[in-house]
Amino acid sequence: MVEQLIGKRIQIPGQFTGAVTVERFDVVYDTLLLTVRTQEGELREAILSNSEIEEILASQQQKSVVTVDANAFFLFIESVRIKTAFAYDPHFAVSLSGVRPLPHQLEAVYERILPQVRMNYAVNFLKFLKLLIQHWPRIS
């Protein structure tokens with residue numbers, strides 16, 4: 001029964017704050033000496049009785065695997081990628097749009113126009129107006 005724990009992540013509340021991975025075990029009389037790897041990668045030992053092992057096995061069997069919709073997960077990962085992409089590529093919006101600007105156009109927009117407060121306000125205001133016009137209710 002203990003062989004089921006090898007390679008699995010388990011919680012040992014009395015000894016570790018997080019989940020640990022069981023690497024191997026040794027039987028010493030009526031107790032078990034588990035060699036576990038912590039989340040930080042350290043090898044540690046835990047001494048557990050047979051009743052504690054049975055409780056851990058019972059709790060592991062009670063936990064069910066939760067499945068996630070693949071499309072929802074893909075959208076989540078893609079949104080995180082887009083939110084953090086600017087940290088690696090300041091011109092990410094241009095590269096994502098598929099437009100291939102010339103170097104002098106990038107310099108003009110990102111280094112000359114956008115740093116100016118008035119121009120930045122004007123560009124953002126124009127974007128707002130564009131969104132407003134797109135979502136304005138059509139009255140016929």
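This tour visits a pocket, a loop residue and a strand residue in turn. The model is a predicted one, in which local features need pLDDT of at least 70 and side-chain atom pairs count only at pLDDT 80 or more, while totals for chains, interfaces and linings use all residues. Residues are numbered from 1 along each chain as its sequence is written, and side-chain values use heavy atoms, with hydrogens and water left out.

Select Ala93, Val94, Ser97, Val99, Pro101, Gln105, Leu106, Val109 and Tyr110, which line the largest pocket; lining residues have an atom within 4 Å of a point on a 1 Å grid, and a pocket is an open set of points where a 1.4 Å probe fits, with protein on both sides within 12 Å along at least five of seven lines. The space in this largest pocket comes to about 200 Å³, a volume being the space filled by probe spheres set on the points. Helix H3 (92-97) and helix H4 (103-113) each supply at least two lining residues, and H4 gives the most, with four; helices are DSSP runs (H or I) of at least four residues, and strands (E) of at least two.

Next, select Tyr29, in the loop between strand E2 (19-28) and strand E3 (31-37), where phi is near 55 degrees, a positive value in a residue other than glycine.

Finally, select Thr21 in strand E2, and show Arg9 as well, since the two side chains make a polar contact at 3.3 Å, that is, a pair of N or O atoms within 3.5 Å, one able to donate a hydrogen and the other to accept it.
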